[in-house]
Amino acid sequence: METLQQLLHRAGVSASVWGPSAGEPGLRFSVRGTVPFELTAEAAQQWLDREEINAQAYLDEFGYLVVAFPAGAEDAAHAFTELLTTKALQAQDTVDALQEALDGHGLGEAAAVSVQLPDPVMIEITDHLDTAVTLGVLLGADYIAEDLELARRKGMRKLARRLRLVLTGALGRGITTSAEPGCEHKADRLVIGLSLSQVTALTGRIAAAPGGRDVPSPPD
């Protein structure tokens, strides 16, 4: 049977497990990175209470978030681990599906999708913005690069704003876009931020757009 630490590691969750120790008889988790709550004691405690998990959240002397379980609360610790690993794996499956859909249209090499819960999913485009234009066209905005000088900072920022409007119309509010010009040794960069539910909707739109190759459905 896998230990709690092994379960967390397999799911890619950044958390360490230790205890019991003198004066602190229960299990403790030092939590970092990919978790479904902000890394503050208040946000973590609210999440624990909402999920009805018997644990206390606090920051240690180094500023790291710790979730502590009392002695005899092994079931609560396992429930906590299962929730963390399930949500992390679901998030990774979601971004992997979007990456496959982008690959199906030849966009995957220049568009990298990543997630760091509870933050938004990030799509980072780094190919002098050709992929950003193609993404807009796939969503029905054939005009998206019209009258824009994409080699100039002003044109890049206009493209980012237009793409945000297109994505908002297709997926809903809350999407962010930003553009940064490159240099001799670095390509232009456009970054899109969106939620996991919006990623799912975007994946469906891209996969259904004509011109792409078939992407196999994920296993059950």
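Which residues gather in a patch of positive charge on the surface? In this predicted model, the patch is made up of Arg152, Arg153, Lys154, Arg157, Lys158 and Arg161. One of these residues, Arg153, belongs to helix H5, which covers residues 153–171. The relative accessibility of Arg153 is 46%.

Aromatic rings were examined next. A pair of aromatic rings is described by the distance of the centres and the angle of the planes. The whole structure contains five aromatic pairs. In one of them, Phe29 and Phe69, the ring centres are 5.3 Å apart. The planes of these two rings meet at 65 degrees, so the pair is edge-to-face. An angle over 60 degrees is needed for that label. Phe29 sits in strand E2 (residues 28–31). Phe69 sits in the loop between strand E4 (65–68) and helix H3 (74–104). The pair therefore ties together parts that are 40 residues apart in sequence. Phe29 and Phe69 are both buried.

A further aromatic pair is formed by Phe37 and Trp47. Here the distance is 5.0 Å centre to centre, with 45 degrees between the planes. This pair is tilted. Phe37 is found in the loop between E2 and helix H2 (41–50), and Trp47 in helix H2 itself. The parts tied together by this pair are therefore 10 residues apart in sequence. Both Phe37 and Trp47 are buried.

Terms used: Residues numbered from 1 in each chain as written. Predicted model: local features only at pLDDT ≥ 70, side-chain atom pairs only at ≥ 80, totals over all residues. Heavy atoms only, no water. Patch = residues over 30% accessible without salt bridge, like charges linked within 9 Å, V, L, I, M, F, W, Y side chains within 5 Å. Areas by Shrake-Rupley, 256 points an atom, 1.4 Å probe, with all protein chains shown as cover. Salt bridge = Lys/Arg side-chain N within 4 Å of Asp/Glu carboxyl O. Lys, Arg positive; Asp, Glu negative; His and termini not counted. Charge placed at Lys NZ, Arg CZ, Asp CG, Glu CD. Helix = DSSP H or I, 4+ residues; strand = E, 2+ residues; numbered from the N terminus. Buried < 20%, exposed > 50% of the residue type's maximum accessible area, 1.4 Å probe, protein only. Phe/Tyr/Trp six-rings, centres within 6.5 Å; stacked < 30°, edge-to-face > 60°.
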